[in-house]
Amino acid sequence: MKKKRRGELLVIGGSEKKESDEEKAILRQAAKKALEEEGGRIVVLTVASLEPEPLAEIYHKAFSRLGVRHMEVVDIRNREQAYAPANVEKLAGASVLFFTGGDQLRITSQMGGSPLLERIFALHEEGAAIVGTSAGAAAMSETMLIGGPTNRSCLSTLAMAPGLGLLKGVIVDSHFTERGRFARLMGAVAQNPHNLGIGIDEDTAFLVTNDDEELTVLGSGAVYVIDGRGIRFTSLSERHPERILTVHDARVHVLGRGDRYSLKERRPIVPSTERV
């Protein structure tokens, strides 16, 4: 029997358009699998948010306008609820699992190692799509940023923690340009140059396909990829938290809508018509 293909990952920088049908291309992509399957269901996970009810209502209306008929909300307030069989059962038959914004540390601390999260991973392996926006996006990576200075080129309060690990060797930062997060993502990459840093603007996303080997950019903003493998010098080890973090020879790629990037080769994929 042919093995089912792992589901897609859609990683959103936050504040995706939810009103105009012409503008909400990202949510349309998020709902795609649920719309394609007969009886397709979206399960919205509001664990990251301290205000789950209004957030759930916003997404219920947005997905309903797109034509999704079946949507379930799973709200986890504590780890005990992530072990409850009734909550795990709500995931049955899910086509799309959608993590909302809020605090990414709530996602990992409340659900990590639980039957609920293990079932989500299993559904993904069976073909279900996983979508994360804002905090939900940050949690997708193997290592996640949970705090740090914005609009400052220092590392006084940069903090990281283990993420869900759905994207290996990557650190994701959302609301990227809008909140001035370039310096903190560069700092995160400087701490471990093995990891790619990926910053996503608001109303922007990247879709991971081809067995997690490449991504494609969607939406109205940019995706920034910081590759630290070539770094030849950094002042990180000098531990002067209020001084500028010096980094030499990091590579930065700026990608727009429709651009693709190979996570395996660590380079943009140039359209064949543009090759010299």
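Biologist: Which residues of α2 are buried?

Modeller: A quick word on the model before that. It is a predicted one, where local features need pLDDT of at least 70, side-chain atom pairs count only at pLDDT 80 or more, and totals for chains, interfaces and linings use all residues. Residues are numbered from 1 along each chain as its sequence is written, and side-chain values use heavy atoms, with hydrogens and water left out. "Buried" is under 20% relative accessible area, exposed is over 50%, and partly exposed is in between, using a 1.4 Å probe and protein chains only. In α2, the buried residues are Pro-52, Leu-55, Ala-56, Tyr-59, Ala-62 and Phe-63. Down the axis of α2 they fall within an arc of 130 degrees, so they line one face of the helix; the arc is that of the directions from the helix axis to the C-beta atoms.

Biologist: What do the buried residues of α2 pack against?

Modeller: Helices (H or I, at least four residues) and strands (E, at least two) are DSSP runs, numbered from the N terminus. Contact means heavy atoms within 4.5 Å. The buried residues of α2 pack against α1 (25-36), β2, β3, β4 and β5.

Biologist: What should the 14 residues of helix α2 span?

Modeller: The expected span of a helix is 1.5 Å times one less than its number of residues. For α2 (residues 52-65) that should be 20 Å, and its end C-alpha atoms are 20 Å apart, which agrees. After α2 comes Gly-67, with a positive phi near 105 degrees.

Biologist: Now the sheets. In which order do the 9 strands of the open sheet come?

Modeller: Strands of a sheet pair through backbone hydrogen bonds, either parallel or antiparallel. Two strands count as paired if DSSP finds at least two bridges between them. Here the order is β3-β2-β4-β5-β1-β10-β11-β16-β17, with mixed pairing. β3 (70-74) and β17 (267-269) are at the edges, each with a single partner strand, so one side of each is left without a neighbour in the sheet. From one strand to the next, the twist averages 25 degrees. For an example of pairing, take β1 (residues 9-12) and β10 (residues 204-209): they are antiparallel, over 4 bridges, and Leu-9 stands opposite Val-208 in β10.

Biologist: Which strands does helix α6 lie across?

Modeller: For angles, axes are lines fitted to C-alpha atoms, for helices over the stretch in contact, and the values run from 0 to 180 degrees between N-to-C directions. Helix α6 (residues 115-125) lies across β1, β2 (41-45), β3, β4 (94-99) and β5 (129-133), at about 125 degrees to β4. His-124 lies in this helix, α6, and is buried, with a relative accessible area of 3%. Not counting residues up to four places away in sequence, His-124 touches Arg-6, Gly-7, Glu-8, Leu-9, Ile-130 and Leu-166.

Biologist: How many residues has the largest nonpolar core?

Modeller: In soluble globular proteins, nonpolar side chains tend to be buried together. A nonpolar core is a set of buried Ala, Val, Leu, Ile, Met, Phe, Trp, Tyr and Cys residues joined through side-chain atoms within 4.5 Å. The largest one has 44 residues, and those with the most contacts inside it are Leu-97, Phe-99, Ile-120, Leu-167, Phe-206 and Leu-215. α6 gives the most to this core, with 4 residues. Apart from it lies another core, of 22 residues, including Ala-31, Ile-42, Val-44 and Leu-66.

Biologist: Which strands form the open sheet of 4 strands?

Modeller: Those are β8-β9-β12-β15, in that order, again with mixed pairing. At the edges stand β8 (170-173) and β15 (251-255), each with a single partner strand, so one side of each is left without a neighbour in the sheet. The twist averages 20 degrees from one strand to the next. Helix α8 (residues 182-191) packs on this sheet, touching β8, β9 (196-200), β12 and β15, and its direction makes about 160 degrees with that of β9.

Biologist: Which way do the residues of β9 point?

Modeller: In a regular strand the side chains alternate between the two faces of the sheet. In β9, Leu-196, Ile-198 and Ile-200 point one way and Gly-197 and Gly-199 the other way, and all are buried. β9 pairs with β8 in the parallel sense over 4 bridges, and Gly-197 in β9 is the bridge partner of Ile-171.
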